[in-house]
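This briefing concerns the packing inside one protein model. Please examine the sequence and the structure shown here before reading the points below.

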Amino acid sequence: MSLHPWRLRLLADLAALGTIRAVAAHENLSPSAVSQQLAVLERETRTQLLERTGRRVRLTTAGLILARRAREILERMDAAEAELRGLGDEPAGRVTLAVFQSAVHALAVPAVSRIARAHPDVEVVVLELEPHESMPALRRGEVDVIVTTTDFVGTELDPAVDLVPIGEDEIVMVLPAGHPAAVGESVDLSTCADQRWAFDVAGSYMSQLATGLCRAAGFEPRIVCRLNNYLLTLQHVEAGLSVAMLPGLAVDPRFGVVTRPLRGPVTRRITAAVRRPSTAQPAVAVTLDALRASY
């Protein structure tokens, strides 16, 4: 039995992405081409890897086992290629970097710009993933480096993951210009109990953090909108329609809002994370260095 790495990659992608159509879009192929290659893989393995239910497919037990092993094999192949490229004078290769929303413009863009200037043979692909999404994606091998916060459930110590500290980011109150709470140097959260609030989407890191802080201050926030885009949140606050609690990195100075620290400062720890075998890859090391230098 001879297994083609490209077909193994398609199977691993199907396990991660869930549908033939998503795999096709990810690999820039047609859905029929993906289906044909997976059928070839079934013939090569002499094993049923897929179950067809109507217009959808799902992996059989054998398919799940092979997809998991395929990801391990592909990671080792990628690591070997990176090590060979690293024998030269210049790092090279592709790195997939997942960052949470407020770190895209504050960290990812400056870091990728640094890498492009200093190491043109390193290609960095940036994905926006929130902390509750990025760590599972890293563990599944879908991304190479993530920027996350270790204050979020799901980033507990893992022997297979290296954590690289980047810095700290203060959580701030964001208020419309002229708001009474902006008079002081900091905001006592309990004074905002009667305010209308703009929140991140339910289940996100900031939604859980803001809800917990409001409850600790003795009130349930009156949420008038939930937005998964901080620029839209800033616009909503700027219009005088709400107040918000945001990471400092998320506050764009182009908006006419006022920020104040919370009384009893709250910060989040920003951390990069990589799978342990990846740390030695030159392109990954370059990416980590650029992230630290950009903060």
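Met173 touches Val187, Leu189, Cys192, Trp197, Val243, Ala244, Met245, Val258, Thr259, Arg260 and Leu262, leaving aside residues up to four places away in sequence; contact means heavy atoms within 4.5 Å. The model is predicted, so local features need pLDDT of at least 70 and side-chain atom pairs count only at pLDDT 80 or more, while totals for chains, interfaces and linings use all residues. Residues are numbered from 1 along each chain as its sequence is written, and side-chain values use heavy atoms, with hydrogens and water left out.

**Nonpolar cores**

- The largest nonpolar core has 34 residues, of which Met173, Val174, Leu189, Trp197, Met245 and Leu262 touch the most other members.
- A nonpolar core is a set of buried (under 20% relative accessible area, 1.4 Å probe, protein chains only) Ala, Val, Leu, Ile, Met, Phe, Trp, Tyr and Cys residues joined through side-chain atoms within 4.5 Å.
- Among the elements giving two or more residues to this core are β6 (161–176) and β9 (243–247), and α7 gives the most, with 6 residues.
- Another core, of 26 residues, lies apart from it and includes Val99, Ala106, Val122 and Ile270.

**Helices α1 and α3**

- Helices are DSSP runs (H or I, at least four residues) and strands are E runs of at least two, numbered from the N terminus.
- Helix α1 (residues 5–17) packs against helix α3 (residues 31–45) at an angle of about 110°, with their axes 9 Å apart.
- The two helices are therefore roughly perpendicular, a term for angles of 65 to 115 degrees.

Technical notes. Axes are lines fitted to C-alpha atoms, for helices over the stretch in contact, and angles run from 0 to 180 degrees between N-to-C directions. Angles under 35 degrees count as roughly parallel, over 145 as roughly antiparallel, 65 to 115 as roughly perpendicular and the rest as oblique. Buried means under 20% relative accessible area, exposed over 50%, partly exposed in between (1.4 Å probe, protein chains only).
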